[in-house]
Every structure is written in C-alpha cells, then in structure tokens.
Amino acid sequence: MDRRQFIKSAALSGAGIGMLTEPSGAYSIDKIERNIILKRKILVWSHIYLDFLGSDDSVRKEFSMIRDSGIDLLLMFIHSHPEENQSWYNSSLYGFEKQDKLSRLLQIAKEVDLEIHPLIGSITDTGLSDETRVKRSYASGKPGGHSKDGRFCASWEGNRLGGIKISLDVLEHHKVNGIHLDYIRYIDTGIGLKWPCQCEACKQNYLRLFGKKTLTEEDFSSPGVLYKYLQFRNSNITDAVLQHARLATQYQVQLSMAARADYFSSSLVEGQDWVHWAKKGLFDFICPMNYTLDRAWHKKTLKEQLDLIAGQVPIYSGLGRKWSGGENSMEDVIGQAEDALTLGASGVSIFHYNGFKPNDFNVLKHFRRTIE
Ligand SMILES: [Zn+2]
C-alpha cells in the first residue's frame with residue numbers, strides 16, 4: 001500500500017474512524033510535512049448566503065475589484081452552523097437542503113486568480129432526528145438552562161465525524177485549493193469550567209476519568225481534575241483535526257483554521273490546542289480571531305501568539321472590520337495590519353466581507369502596495 005492509499009484508508013475507514021471511539025491522546029500524532037508557505041497575504045472571511053448574490057457579470061466585476069484591491073483569498077462559509085440543515089455547495093449528504101452557490105463562484109474566481117477556501121463548521125452533523133439532535137447537545141445543568149444548551153457537544157463521536165463528512169463531501173464535489181476549519185472545538189464558550197456539560201457522552205467520560213458521572217465547578221479546584229478534563233477535551237478535538245488533516249493530504253489541499261485568540265483561557269478550555277497542532281504540522285496556516293477595537297490589545301495578543309508558534313506555521317491575524325463585538329473603520333483595520341506585519345505575521349484575515357464599505361477596497365489597495 002503506498003502512502004496515498006494508506007492515508008485514504010486511515011482517514012475513511014479503519015484507523016481513522018476507530019481512533020475517534022477511543023481518543024488517542026494529543027501527544028501521539030505524527031507530524032505531517034507540509035511544503036506550502038504563504039506570505040504576506042490578505043484574506044477575508046465571507047458568507048456565501050450574504051455576499052456575491054448578483055449576476056455572473058456583477059460577480060465577475062466584484063471579484064476583479066477584490067483582486068485589484070490586493071485580497072488573495074476568501075474563507076467562505078458554505079453551510080449553516082450551528083444549525084445543520086442547509087448547504088450552499090453541491091452536497092450529497094442526507095439532511096442538507098442543498099442550494100449550490102459555490103460552483104459558480106469557484107468558476108468565476110478562477111478566471112481572476114482569486115482563491116476560495118470553503119469553511120467547515122467542524123462540530124456538527126446532518127439529517128438527525130429531533131431526539132438525537134437533543135441527545136447529542138450540551139446539557140449545562142444550569143437551573144433554567146443556558147443559551148449554549150442545544151449546541152452540539154464535541155464529546156459525541158458522531159458530532160466530530162459530522163464535520164469530517166462535510167469536508168469529504170466538499171472535496172468530492174468541488175475542486176478547491178483548501179479547507180478552512182471553524183468551530184473546531186467545544187462550543188460551550190465561557191461555561192466549560194462553570195457548567196461542565198452533563199450530556200450522556202460527557203457523563204460516561206467523567207465516570208471513566210473521575211469515577212463519577214457528574215462534575216461541578218468546585219471539582220476544578222483540584223489541579224489533577226482540571227488537567228484530566230482539559231486533556232480529555234483536547235484529545236477529542238485533536239483526533240478530529242487529524243482526520244481533517246489526513247483528508248487534506250489525501251486531496252492535496254491546504255488546511256487552515258480560525259483559532260480562538262486567548263490560547264490559555266479559551267482555546268485550551270474548549271479543546272482547541274492549536275499551538276500543538278501547528279507544531280505537529282497539521283495546518284498550512286492559522287487565523288487567530290483577534291477582533292478588537294483596541295490596537296494595543298491586538299498587538300499584545302498577537303505577539304503572545306507568535307511567540308508561542310515560534311515560526312512553525314504562517315499566522316494571519318484575524319482583524320475585525322465588523323463583528324458581533326463592534327466595528328472598526330478600514331483605516332483602523334490597516335493600523336492593526338501594519339502592527340501584525342511588523343510583529344512577523346504572514347498577513348491578515350479580515351472579518352467580514354459583508355461589513356466592507358465601497359471605499360475600503362481603495363484603502364486596502366494602498367496598503368497592499370506598501371507590503372509587496
Ligand atoms: Zn457533553
């Protein structure tokens with residue numbers, strides 16, 4: 001069996017899927033050698049259901065303008081998440097209501113040398129009954145419930161495989177140069193240490209690790225409990241990342257991810273050890289979501305990230321043009337972008353295209369000239 005066949009069999013059957021049943025641990029993965037080095041690029045996150053809805057000609061003009069402004073790559077949401085019922089690519093997965101918007105955009109983008117990497121909401125699944133959907137979701141145990149209840153819990157093997165199924169489905173139906181992983185983590189943001197999940201999969205793992213089915217915030221005052229809990233969550237997500245990385249290698253595409261900005265207080269709690277993954281060569285580039293109105297905070301946070309990564313993988317600092325937490329002018333975004341390049345980032349990734357104003361493209365174009 002040659003290497004390519006091995007990767008395929010490992011990713012799609014035997015070793016790959018089996019490993020997800022019993023997490024193998026974050027420290028047993030082989031380093032994947034990747035040769036692609038991207039430098040000084042401008043990336044933009046885009047939502048396919050919001051952007052580029054006009055005629056072929058209007059999209060062609062818009063893509064030409066984008067390229068002219070110096071944007072190299074669109075990281076594009078192509079299925080609904082955390083809801084799991086819609087795909088805007090050519091999907092054959094059961095449970096998706098399909099409306100293929102991606103094929104046309106990929107074709108037109110190719111004409112102007114613009115890259116599009118589809119974005120995968122990584123902890124998800126499709127085609128589930130209401131009962132199964134609820135069963136595989138967070139159960140915070142908070143009296144009266146919590147807003148995160150009802151989102152898929154990554155302790156379920158099926159929820160991790162769901163994202164891998166979508167990656168494979170995209171790669172089977174579209175010729176793309178890369179896949180971008182988002183939500184590759186536990187999605188109980190902010191409550192992982194406050195209201196540890198009480199779904200059945202989590203409870204079974206608590207029983208295995210701690211000899212009891214219920215964990216509370218008080219249990220985490222013990223360093224050993226905290227260590228085992230974070231290790232368990234990181235092992236689960238690392239195994240999912242490994243499957244995506246194998247698919248990327250099999251299909252010869254780049255693999256990238258959107259990373260939580262606060263590595264020690266957010267990423268690791270949510271099972272997202274992206275520094276470890278970077279050092280293992282599992283990603284071609286990483287975009288930490290450093291959205292902020294505060295230029296000094298961006299600079300400090302990005303420096304910490306770059307110090308941790310130590311040049312192992314290109315970092316594109318994620319900058320917020322318009323997001324749930326606020327709105328920067330494009331001039332402010334460029335200020336942060338200048339800091340990013342000075343600190344040694346390979347470029348920036350801007351969130352998000354729908355928040356751009358017409359003059360933003362001129363501002364970007366001017367900036368682009370200064371970095372070449
Ligand atoms: Zn759970």
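The structure is a predicted model, in which local features were considered only at a pLDDT of at least 70 and side-chain atom pairs only at pLDDT 80 or more, whereas totals for chains, interfaces and linings use all residues. Residues are numbered from 1 along each chain as its sequence is written.

The protein chain contains 13 helices and 12 strands, where helices (H or I, at least four residues) and strands (E, at least two) are DSSP runs numbered from the N terminus. Of its 372 residues, 45% count as buried; a residue is termed buried if 20 or more other C-beta atoms lie within 10 Å of its own, exposed if 12 or fewer do, and partly exposed in between, with C-beta atoms placed from the backbone. Two residues are taken to be in contact if their C-beta atoms, placed from the backbone, lie within 7 Å. Among contacts between residues at least 6 apart in sequence, 79% join residues at least 24 apart.

When neighbours within four places in sequence are left aside, Ile286 is in contact with Ser256, Met257, Ala259, Trp274, Ala278, Val313 and Ile315.

Helix α6 (residues 157-173) comprises 17 residues and reaches 24 Å from its first C-alpha to its last, close to the 24 Å expected at 1.5 Å a residue, the expected span being 1.5 Å times one less than the number of residues. Buried positions in α6 are Asn159, Arg160, Gly162, Gly163, Ile164, Ile166, Ser167, Leu168, Asp169 and Val170. The axes of α6 and α8 come within 10 Å and cross at roughly 10°, where axes are lines fitted to C-alpha atoms, for helices over the stretch in contact, and angles run from 0 to 180 degrees between N-to-C directions. The two helices α6 and α8 are therefore roughly parallel to each other, given that angles under 35 degrees count as roughly parallel, over 145 as roughly antiparallel, 65 to 115 as roughly perpendicular and the rest as oblique. In this pairing, Arg160, Gly163, Ile164, Ser167, Leu168 and Leu171 of α6 meet Asn236, Ala240, Gln243, His244 and Leu247 of α8. Also in helix α8 is Gln231, which is partly exposed, with 18 other C-beta atoms within 10 Å. Between Gln231 and Leu268 there are 37 residues of separation in sequence and 8.8 Å in space, C-alpha to C-alpha.

Helix α12 (residues 330-343) takes part in two further pairings. Its axis and that of helix α13 (residues 360-370) come within 10 Å and cross at roughly 25°, which makes α12 roughly parallel to α13. The crossing of α12 and α13 is right-handed, a crossing being left-handed if the near helix is turned anticlockwise from the far one by less than a right angle, and right-handed if clockwise. Here Met330, Glu331, Ile334 and Ala337 of α12 meet Asp360, Val363, Leu364 and Phe367 of α13. The axes of helix α11 (residues 295-309) and α12 likewise come within 10 Å, crossing at roughly 25°, and this crossing is right-handed. Contact is made by Arg295, His298, Lys299, Leu302, Lys303 and Leu306 of α11 and by Gly335, Gln336, Asp339, Ala340 and Leu343 of α12.

Several loop residues complete the description. Most residues other than glycine have a negative phi, and most peptide bonds are trans. Phe52, in the loop between β1 (41-47) and α3 (56-68), has a positive phi of about 60° although it is not a glycine, and it counts as buried with 22 C-beta neighbours inside 10 Å. Asp113, in the loop between α4 (102-111) and β5 (115-121), also has a positive phi of about 60° without being a glycine, but it counts as exposed, with 10 C-beta neighbours inside 10 Å. The peptide bond from Phe351 to His352 is cis, with omega near -10°, and His352 is located in the loop between β12 (347-351) and α13. Ser147, in the loop between α5 (130-135) and α6, counts as exposed with 12 C-beta neighbours inside 10 Å; Ser147 and Asp188 are 41 residues apart in sequence and 9.2 Å apart in space, C-alpha to C-alpha.
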